[in-house]
Amino acid sequence: MTRTIGLLLFPGVEELDAVGPWEVLAFWTQYYPDDGYTAFTFSMDGGPIKCAKGLTIEAEYSFDTAPRRDVLIFPGGRGTRPMIDDEAMLTWTRAQRATTPLIASVCTGSLVLASAGLLAGRPATTHWKSLDRLAELDPTIQVDAEQRYVDDGDIITSAGVSAGIDMALHLVRRLASAERAEEVRRLIQYDPMPPI
């Protein structure tokens, strides 16, 4: 049976938070289908989503029509700020814990997980500018300011923006193998060499 990875989209999602992991995971699942995973995008209502910097992305499914998920990717961006106080969204997020074996956040997606209570007592990270906010939302969180991503079993959080690519490659390693993750990394030519 094919297992599924659902990437959540919402108005104001940070482009690279979504597209970075999508590139890694979609490349993997499309080029190596025998690994047994497929990836899709979804949003509350489906259809076009305007991202934080103006890019529009089409969500394949709505909450109501999306397939069940084995993995949920929860990106960040300005659109997460209203979610922190949106009880309907927090209720939906809590419900994912019962039905989704693995939840991964990118950047400030972890703030929503924290507000929903999913990070209580756990190690976690987020964008460096939001580390204090993560601690404020739930003082029991063991905030990790050093790691690009933190794997705590059934929940993985990553630092800001480009760190989602590292987290997605870690997912490929965890769900398939280190060799597969290395193949995907080389094929998408992800070889960070910061110029500054």
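Q: In which sense do β7 and β11 pair, and over how many bridges?
A: In this predicted model, strands of a sheet may pair either parallel or antiparallel through backbone hydrogen bonds. Ile103 stands opposite Ile155 in β11. The pairing of β7 with β11 is in the parallel sense, and the number of bridges is three.

Q: Which strand is joined to β10 by three antiparallel bridges?
A: Val150 has a bridge partner in β11, namely Thr157. The hairpin of β10 and β11 has three residues between the strands, and Gly153 takes a positive phi near 85° there. The strand that runs antiparallel to β10, joined by three bridges, is β11.

Q: What is the strand order of the open sheet, and which are its edge strands?
A: The open sheet has seven strands with mixed pairing, in the order β5-β2-β1-β6-β7-β11-β10. An edge strand here pairs on one side only. The two edge strands are β5 (61-62) and β10 (149-151).

Q: Which residues of β11 are buried on each side?
A: In a regular strand the side chains alternate between the two faces of the sheet. Both faces of β11 are covered. The buried residues are Ile155 and Thr157 on one side, and on the other Ile156 and Ser158.

Q: Across which strands does helix α3 lie, and at about what angle to β6 does α3 run?
A: Helix α3 comprises residues 87-99. The strands that α3 lies across are β1, β2, β6, β7 (102-105) and β11.

Q: At about what angle to β2 does α1 run?
A: Helix α1 lies across β1, β2 (37-43) and β6 (71-74). The angle of α1 to β2 is about 150°.

Q: Why are α1 and α7 described as roughly perpendicular?
A: Angles of 65 to 115 degrees count as roughly perpendicular. The axes of α1 and helix α7 (residues 178-187) are 10 Å apart, and the two helices pack at an angle of about 115°. The two helices are therefore roughly perpendicular to each other.

Q: Which residues of α1 and α7 meet, and how do they divide by type?
A: The crossing of α1 and α7 is right-handed. From α1 come Val24, Phe27 and Trp28, which meet Arg180, Val184 and Leu187 of α7. These residues divide into five nonpolar, no polar and one charged.

Q: Within what distance do the axes of α6 and α7 come, and how many charged residues are in the contact?
A: The axes of helix α6 (residues 163-175) and α7 cross at roughly 145° and come within 6 Å. In this contact, α6 contributes Leu169, Val172 and Arg173, while α7 contributes Ala178, Arg180, Ala181, Val184 and Arg185. Besides five nonpolar and no polar residues, the number of charged residues is three.

Q: Is Glu14 buried or exposed?
A: Glu14 is found in the loop between β1 (3-8) and α1 (15-31). Beyond its neighbours within four places in sequence, Glu14 is in contact with Ala52, Lys53, Gly76, Gly77 and Val161. Buried means under 20% relative accessible area. The value for Glu14 is 14%, so Glu14 is buried.

Q: What is the relative accessible area of Pro123?
A: Pro123 is found in strand β8 (residues 123-124). Setting aside residues up to four places away in sequence, Pro123 touches Gln142, Val150 and Asp152. Pro123 is partly exposed, and its relative accessible area is 24%.

How values were computed. Residues are numbered from 1 along each chain as its sequence is written. This is a predicted model: local features need pLDDT of at least 70, side-chain atom pairs count only at pLDDT 80 or more; totals for chains, interfaces and linings use all residues. Side-chain values use heavy atoms; hydrogens and water are left out. Helices (H or I, at least four residues) and strands (E, at least two) are DSSP runs, numbered from the N terminus. Buried means under 20% relative accessible area, exposed over 50%, partly exposed in between (1.4 Å probe, protein chains only). Contact means heavy atoms within 4.5 Å. Two strands pair if DSSP finds at least two bridges between them. Axes are lines fitted to C-alpha atoms, for helices over the stretch in contact, and angles run from 0 to 180 degrees between N-to-C directions. Angles under 35 degrees count as roughly parallel, over 145 as roughly antiparallel, 65 to 115 as roughly perpendicular and the rest as oblique. A crossing is left-handed if the near helix is turned anticlockwise from the far one by less than a right angle, and right-handed if clockwise. Ala, Val, Leu, Ile, Met, Phe, Trp, Tyr, Cys and Pro count as nonpolar, Asp, Glu, Lys and Arg as charged, and the others, Gly among them, as polar.
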